Amino acid sequence: MRHPVRNAAVMIVIAMMLGGVTAAHAQKRGGALRVAYGNEIAGLDFHVTAGYEMIWVATNVGCGLLSITPEGKFIPDAAESWQISPDGLLYTFKLRNKVVFHDGTKVDAAAVKFNIDRIMDPATRSSVRTFYEAVHSVEVVDPLTVQIRLKHPYAFMLHMLAAYRMGLVLYSPAAIQKYSPEDRRAGKPEATISCGPFRLVEWVKGNQLVMDRFDKYFEPGLPYLDRVTIRTIKDPVTQMAAFKAGEIDFLVDFSVDHVDTLKAQNPNAQIMTGKETTPMVAMMKVTVPADGKPMSKNRAPHPIFSDLRVRKALGCYGIDRKEIVKLAFKGQATPWLGIIPPGTQDTVDVTSLCPYDPAKAKALLAEAGYGPQKPLTFELLTNTEKAVFNVIATVIKEQVARLGVTANIRLVDKVSWLNTATQDGPFDMYVEDLASLLVVDQNAYLAASTAAWNSARHTDTKVDDYFARYARELDPVKRKAIAKEFQEFSVENLYWNTISGSPFYQVAQPWMKGYTYQAEFKVIYKKVWLDR
Amino acid sequence: MRIYILRRLVAVVPTILMITLVVFVMMRSIPGDPVVALLGDAFTEEDAAKVRQEYGLDKPILAQYGLWLAKLAQGDWGTSILSGRPVLKDVLVRLPVTLELIVLSMAVALAIAIPAAIIGALRQNTWADYSATTVAMIGVSIPEFFAGVLLLLMFSVALHGTLPSSGWVYLPGTCPMVVCTGSVWANMMHVLMPAIALGIGRAALLTRLLRASMLEVIRTEYITTARAKGLAEKPVVLKHALKNALIPTVTVMGLQVGFLIGGAIVVETLFAMPGLGTFGIDAIIARDYQQVQGFALITAFAFVIINLIVDLTYSLLDPRIRYA
């Protein structure tokens, strides 16, 4: 029992899920669920807009071909079945017969083709286009049969369609053609037409988002709720007050710092957490633009962290991950290393390859030419989005000070961080938690040398080879072996420096039933009902 | 009077233009690019260049400002780069919330300040005066967010939701949304804590100011004359002394509007209110230039209009003041 509090919380989730199963006959229909987000929804074009808040709307307004359970089992959505050709190059989906969009038009093979083509069209500027790299073409076989042809085998095609970001979301082609991208981004209800259990009624930014039950939803009897209302409460103190006062039924993302307080105030609250699928990283920059132009392909070594000895001295032996977790997360996270977090499929615990060893760290620094005569100073970039980033940066500063290294913390707002970290701006190391990852493959868009978000700006094509080998290997056993090799390679080179998992918490009132926790990936209300 | 108002309104135009220009230049001078946030991980230099072109962000700053002004002259406040929503529409949705908050917080401030100042002035150097002065000092020292958190913990947590912790309910007939229930009672319940949190600091300041004015006025000869003529103390204080003592207080009240708008950002964020304060701060954090301009324009306009109204109230308080 390394993490008693987290384990207890996981037990609560499991008990709750079992409870949901046994109480399956008692679901009550009707009522409005009041939901609070911790951040504002940025926009509502499901194919384009970034951000989890949008995803958690898309998973209710949208439907796709298939979905995935927390156990990793694929389940039908608008497609009732699917087949994969023996060579793994052809995916054939058979659609359900009576699935309709919220505007009454049919969800058919042409609509599926329209949507995937739209995502793949560079003019759409889709944030999920990168995931469709393996797709060669989409063909309509008959109105209820659609085929996706791949350029090469891709073991994670179903994962991608089911859950990368929110998975494939089907829009009504009629609505897409009639309304502008701005209308969809602005969440105009008549432009935001999909086939999910809820239809968008209105979104008034900064005020509320309302979705109502879609009566023609293809799963009989679902959803149970009449309405879901979402508003944003940014301050955790206000979130707790609203929850305590019963003004809110469900807090979708709750700050780990305040879990204990909320638990003490609300002994009956359902506090849900699970596998850590988001990595908390202390990313070190490996190269810089040789010509001074950010994102330039002409690269030069980073003056400090291009040296593997320095990366290993600080990132491997010089950082005490256990201490960071204890101080920053009150022990409610897992110290971790490697290219994917502890809750991601095919993850391997390679943390033991980097034991905290200040003496070894000092020796490596000396070997790299740093010491009392030439002290090492670097800039540690962090941002104001979450308080925990600052705590981690401060602990790292203290830890590297023990090695005689000075870390100057630069605290910026989220947008400045985004511009600096992802756009090849000047930084040495940054602290941040990155995207929630279902499988190793999903990290390619953040960690491959060609990825726009390769914030370390490493140029090692071996990383790309690992990603490609892993994604194209159809044998799960061989794939697992590649994943292990890849994660060991990652520790050896530290292009990616994980500190720990980043725990995710959701909190529900005792009367909210039927909800299944799926971390950041999916927030689905179709089986939720209110017992009051 | 009409000519005076017209002249003041005309004089407002260059002031507002200057404010919007300064904000425009400042926003573009600080680090951060909204295009990066807009494109997310789909970011490519080519797409970024296209988006910058679409929004005119590739042009020189002054040219961008000129474009913004030209559109503004046609009633187009622009579109939020990030959400794609028309800025004017969002401003109009949020303006009533902040106006109500500011007006009520000023009412809270006056409701506390006037009696406290009168008691303090009439009973100078007694326990009542010392109490009023001490409370005023404490009020000035408490920041809005701290007062807000205290109120929140008291009324929403300890007293089990006596007052709602967050959100907003519109007054009947004013709701700009499709799904909405307007209610005067619920509106008052929602605005009470934020108005107290925002008003308490102003109350303290106005108490000190008004007390000093009252002390000055009640020592003047016309007050002595009024008392010598046998007028009751109540009309002497409320009708003759307070009216004159209020003039400097009203001036300060007008200037305090700027602080109230600043305080509204904090209070609205704490109480999750859909007002202009949260609109402005979200826009600045996201570098949503169009939205920031909308915020600057409306707050600058509100500030100068409120100060114009304040100036006009002088003649109500002192009939000798005439505008020409």
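Mentor: Start in a loop. Ile340(A) sits between α10 (321–328) and α11 (358–367) of chain A. Keep in mind that this is a predicted model.

Is Ile340(A) buried or exposed? Ile340(A) has 28 other C-beta atoms within 10 Å. The cut-off for a buried residue is 20 or more, so Ile340(A) counts as buried.

Now look at its contacts. Leaving out residues up to four places away in sequence, Ile340(A) touches Pro279(A), Thr347(A), Leu437(A), Val440(A) and Asn443(A). For a sense of distance, take Met54(A). In sequence, Met54(A) and Ile340(A) are 286 residues apart. In space, their C-alpha atoms are 24 Å apart.

Next, the nonpolar core. The largest one has 263 residues. Leu170(A), Ile392(A) and Ala113(B) touch the most other members. Helix α5 (residues 87–122) of chain B gives the most to this core, 17 residues. In general, nonpolar side chains tend to be buried together in soluble globular proteins. Pick out Ala113(B) and ask what it touches. Its contacts are Ala203(B), Leu206(B), Thr207(B) and Leu210(B), again not counting residues up to four places away in sequence.

Stay with α5(B) and find its partner, helix α12 (residues 289–317) of chain B. The two axes come within 10 Å and cross at roughly 45°. The crossing is right-handed. From α5(B), the contact uses Val87(B), Leu88(B), Val91(B) and Leu95(B). From α12(B), it uses Gln290(B), Gln291(B), Gly294(B) and Ile298(B). By class, that makes five nonpolar residues, three polar and no charged ones.

Last, see where the chains meet. On chain A, 43 residues are in contact with 45 residues of chain B. Which elements of chain A give two or more residues to this side? They are α6 (181–185), β8 (198–204), β10 (227–232), α7 (236–244) and α13 (414–422). The largest share comes from α13(A), with six residues. On this side of chain A, 17 residues are nonpolar, twelve are polar and 14 are charged.

Note on methods
Residues are numbered from 1 along each chain as its sequence is written. Chains are lettered from A and ligands numbered from 1 in the order in which they are written. This is a predicted model: local features need pLDDT of at least 70, side-chain atom pairs count only at pLDDT 80 or more; totals for chains, interfaces and linings use all residues. A nonpolar core is a set of buried Ala, Val, Leu, Ile, Met, Phe, Trp, Tyr and Cys residues joined through C-beta atoms within 7 Å. A residue is buried if 20 or more other C-beta atoms lie within 10 Å of its own, exposed if 12 or fewer, and partly exposed in between; C-beta atoms are placed from the backbone. Helices (H or I, at least four residues) and strands (E, at least two) are DSSP runs, numbered from the N terminus. Two residues are in contact if their C-beta atoms, placed from the backbone, lie within 7 Å. Ala, Val, Leu, Ile, Met, Phe, Trp, Tyr, Cys and Pro count as nonpolar, Asp, Glu, Lys and Arg as charged, and the others, Gly among them, as polar. Axes are lines fitted to C-alpha atoms, for helices over the stretch in contact, and angles run from 0 to 180 degrees between N-to-C directions. A crossing is left-handed if the near helix is turned anticlockwise from the far one by less than a right angle, and right-handed if clockwise.
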